[in-house]
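Trainee: I would like to learn how to read pockets and helix packing from a model. Can we work through an example?

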Amino acid sequence: MMEDAVIDSGNIAWILTATALVLMMTIPGLALFYGGMVRRKNVLSTLMQSLGATAIVTVLWALIAYSLAFSDGGGLNTFVGGLSRIGLTGVTPDTMSGDLPENLFFVFQLTFAIITVAIIAGAAVERIRFSAFMIFAAAWLILVYAPICHWVWGGGFLSDAGVLDFAGGAVVHINAGVAGLVLAKVVGPRRGYPGSQMMPDNLVLTVIGAGLLWVGWFGFNGGSALAADGAAAHAFVTTQLAAASALLTWIIIEWLRRGKASVLGAASGAIAGLVAITPAAGFVPAWAAFIIGAAGAAGAYWGVTALKRWGKWDDTLDAFGLHGVGGLVGAILTGVFASEAIGGAPGAIEGNLMQVFTQTWGALAAAVYCGAVTWVILFVLSKFMTLRVSEEDEVTGLDTTLHGESVAS
């Protein structure tokens, strides 16, 4: 951390704004996106998971996870950070990280950790106990998110190896997607899945949530430049182009396969494109964003349809299909389209074929570590507590049985 950097009020103002936008992505964005897709008896419990994730991650990020992600880990620095910032020790209004106050860098990175944990919840909604999710979230943040964040952004081995991840392809989306898949498999499918129809309660909420996510993503990607500069503006452009391209790709696929385009598909397509462009936003030319968005949508569509049927898992709100598959597509294509003139690193289109290999093994390293440690966390927790609600509570609905409330008819 730098103590004597020059204050840049423009950068500070932009990252303050970006931080608020990224927090908006979880509450209310993801909460509404997820809440509209579940059955009415589980809407409030789904919203509660986003609220709970925001609270538990905030507390633990300040107490220990931020330090593990971004401080110097000494001899272990290639794998995990140290404890010099535990409880925000040494962080004052005058402490700087680059040309940003460290307090601002801390809270900006906090919002990324929050939404990563909240995304995971979508894989097991409608049957996981709220208390189990909260304890899982705490352990996962410390044991999975913080180390992988350090690998990529905190000076760890993936950063040293040259892995490009502008705003969280591996750190956020692959990480959350794989963890969601493991959580869905361990907790098991919903009662009646896949035979029973489980219709979304309110797609209006889902579209509003998708819109808030889309707008918030400008803070997510644009803010990851950590400055109010040309790189931030470029990330704005690639973000918008990829989202629009992906939305169109998804609805075209639906037209070709089903003869009609769905509102849920359009919202899902936009999110898939936003996921795919996340690692690439500040590294690739604008024209490449069209391709990355389209490929992300095609990959995610396959992930939530054919792959999900083949795997026979009940990833309820497609955390793995949208974020895991979309994030992997984006991470690999970053290696294809990266431009040295834009992000300082050439990709395959500029003759550096090794960047594709680097992106691939980096993404797989994060996925394997995440999957293994997530399973261990859940295995240990299952020995001390029940992860899943009872069959009676699941039939009644989690709003009433876990929270004593319900959505009015």
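**Pockets and a helix pair**

Mentor: Helix H3 (residues 102-121) gives the most to the lining of the second largest pocket, with four residues. Keep in mind that this is a predicted model.

Trainee: How is such a space found, and which residues line the second largest pocket?

Mentor: Rolling a probe the size of a water molecule over the atoms shows where empty space is left. Here the second largest pocket holds about 280 Å³. Its lining consists of Phe-70, Phe-105, Phe-108, Gln-109, Phe-112, Trp-153, Gly-154, Gly-155, Phe-166, Ser-224 and Leu-226. By class, that lining has seven nonpolar, four polar and no charged residues.

Trainee: What volume has the largest pocket, and which residues are closest to its centre?

Mentor: The volume of the largest pocket is about 990 Å³. It is lined by 25 residues, and Leu-264, Val-304, Lys-308, Thr-316 and Asp-318 are the closest to its centre. At least two lining residues come from each of helix H8 (230-258), helix H9 (263-277), helix H10 (286-304) and helix H11 (306-311). The lining divides into twelve nonpolar, seven polar and six charged residues.

Trainee: Now the packing. At what angle do the axes of H6 and H14 cross?

Mentor: Two packed helices are described by the angle between their axes and the distance between the axes. For helix H6 (residues 169-187) and helix H14 (residues 354-384), the axes cross at roughly 35 degrees and come within 9 Å. The crossing is right-handed. Among the contact residues are Ala-170, Ile-174 and Val-178 of H6, and Ala-363, Cys-370 and Trp-375 of H14.

Trainee: How many residues of that contact are nonpolar?

Mentor: The contact of H6 with H14 has 13 nonpolar, three polar and no charged residues.

Note on methods
Residues are numbered from 1 along each chain as its sequence is written. This is a predicted model: local features need pLDDT of at least 70, side-chain atom pairs count only at pLDDT 80 or more; totals for chains, interfaces and linings use all residues. Side-chain values use heavy atoms; hydrogens and water are left out. Axes are lines fitted to C-alpha atoms, for helices over the stretch in contact, and angles run from 0 to 180 degrees between N-to-C directions. A crossing is left-handed if the near helix is turned anticlockwise from the far one by less than a right angle, and right-handed if clockwise. Contact means heavy atoms within 4.5 Å. Ala, Val, Leu, Ile, Met, Phe, Trp, Tyr, Cys and Pro count as nonpolar, Asp, Glu, Lys and Arg as charged, and the others, Gly among them, as polar. On a 1 Å grid over the protein atoms alone, a cavity is a set of points where a 1.4 Å probe fits but cannot get out, and a pocket is an open set with protein on both sides within 12 Å along at least five of seven lines; lining residues have an atom within 4 Å of a point. Grid points are joined across faces, edges and corners, and a volume is the space filled by probe spheres set on the points.
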